[in-house]
Amino acid sequence: MQETEVTVQLLDDFGTINKILLDQGFKMLENYQINDYYYSKYDFIKEMSYPEMIRNSFLVREIIDDHPFAMLTYKDKKFDDKGNVISEEKTKLRIASANEALEIFNKAGLNMWCNLCQDLFVYEKGDVSFAVQVVKDLGIFLEYEDEAMQGLSEQEKIEKMITNIKLLCLNIGDDYFCKKVYMLSLIHISEPTR
């Protein structure tokens, strides 16, 4: 299923963000941790453009909550002419163990070029639902997907999501298409393998 999303950086601490959202009537539905391990067959993946990076990578995703699980995921992203992601389709395969998968890929000589660890807090009010993501070594982001916007074009969905974000009265950055894994890879030029 094709999804459209926007991701913007939040410029306050989590306590402030949480209070603002709760004061506006949002409810925190769930929170959990995600560890993403990005792999590629290329050693020079960090020298590629973001679209090339994603096309040539897959990830081992580890979800840590009351019922932890792991999956292999490939993201088939559609980009606009500025390199922003306007939609994506994910192919997922549930696996028994993230650690065993990481061991296999490392032994096979694949390059684990980024490890993105984040705590997610899902908020909802009416038909608006989004995740606040506290990303280790990077900052706090709001990721908003188009779950309740059937019948709109990708651009209409993006415009509606940006409008809804602006109505939250949060202190936000000016890029609504933050690429967290790309941003983190620029910080950690030589990420060790696990």
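Modeller: A residue counts as exposed when its relative accessible area is over 50%, as buried when that area is under 20%, and as partly exposed in between. The model discussed here is a predicted one.

Colleague: With those cut-offs in mind, is K107 buried or exposed?

Modeller: K107 belongs to helix α3, which covers residues 98–107, and its side chain takes part in a salt bridge with E103. Its relative accessible area is 67%, and because exposed means over 50%, K107 counts as exposed.

Colleague: How far apart are the closest N and O atoms of E103 and K107?

Modeller: The two residues stand four places apart in helix α3, so about one helical turn separates them. Residues three or four places apart in an α-helix point the same way, because such a helix has 3.6 residues a turn. E103, at 42% relative accessibility, counts as partly exposed. In the salt bridge between E103 and K107, the closest N and O atoms are apart by 2.9 Å.

Colleague: Which residue forms a salt bridge with K78?

Modeller: The side chains of this pair meet with an N to O distance of 3.4 Å, and the partner of K78 is E154. The pair links distant parts of the chain, since K78 is in strand β4 (residues 69–79) and E154 in helix α4 (residues 154–166), 76 residues apart.

Colleague: How many salt bridges does a search of the whole structure find?

Modeller: Among them are the pairs of D23 with K19 and of K78 with E154. K77, E88 and K90, for their part, are linked in a network of salt bridges. For the whole structure, the number of salt bridges found is seven.

Colleague: Which residues of α1 are buried?

Modeller: The face of α1 turned away from its buried side carries the exposed residues K19 and D23. The buried residues pack against β1 (5–10), β2 (27–40), β6 (111–125), β7 (128–135) and β8 (139–145). The buried residues of α1 are I17, N18 and L21. Seen down the axis, they fall within an arc of 95°, so they line one face of the helix α1.

Colleague: Which residue's backbone nitrogen does a side-chain oxygen of D13 reach at the start of α1?

Modeller: The contact lies at the start of α1, and the oxygen reaches to within 3.0 Å of the nitrogen. Just after α1, there is also a positive phi of about 95°, taken by G25. The residue reached by the side chain of D13 is G15.

Colleague: With which residue does the side chain of Q133 make a polar contact of 2.8 Å?

Modeller: Q133 has its place in strand β7, where seven of the eight residues are buried. Q133 is itself buried, with a relative accessible area of 2%. Beyond its neighbours within four places in sequence, it is in contact with residues including Q118, D119, I140 and F141. The polar contact of 2.8 Å joins the side chain of Q133 to that of K180.

Colleague: Which residue in β8 stands opposite V134?

Modeller: On one side, β7 pairs with β6 in the antiparallel sense over eight bridges, with V132 as the bridge partner of F121. β7 also pairs with β8, again antiparallel, over five bridges, and the turn of their hairpin holds D137, whose phi is positive at about 70°. The residue in β8 that stands opposite V134 is I140.

Colleague: How many disulfides does the structure hold?

Modeller: C178, which counts as buried at 13% relative accessibility, has its sulfur 15 Å from the closest cysteine sulfur, that of C114, too far for a bond. A disulfide requires the two sulfur atoms to be within 2.5 Å. The number of disulfides in the structure is zero.

Terms used: Residues numbered from 1 in each chain as written. Predicted model: local features only at pLDDT ≥ 70, side-chain atom pairs only at ≥ 80, totals over all residues. Heavy atoms only, no water. Salt bridge = Lys/Arg side-chain N within 4 Å of Asp/Glu carboxyl O. Buried < 20%, exposed > 50% of the residue type's maximum accessible area, 1.4 Å probe, protein only. Arc of directions from axis to C-beta. Contact = heavy atoms within 4.5 Å. Polar contact = N/O pair within 3.5 Å; in protein donor to acceptor, adjacent residues only side chain to side chain. Pairing = 2+ DSSP bridges.
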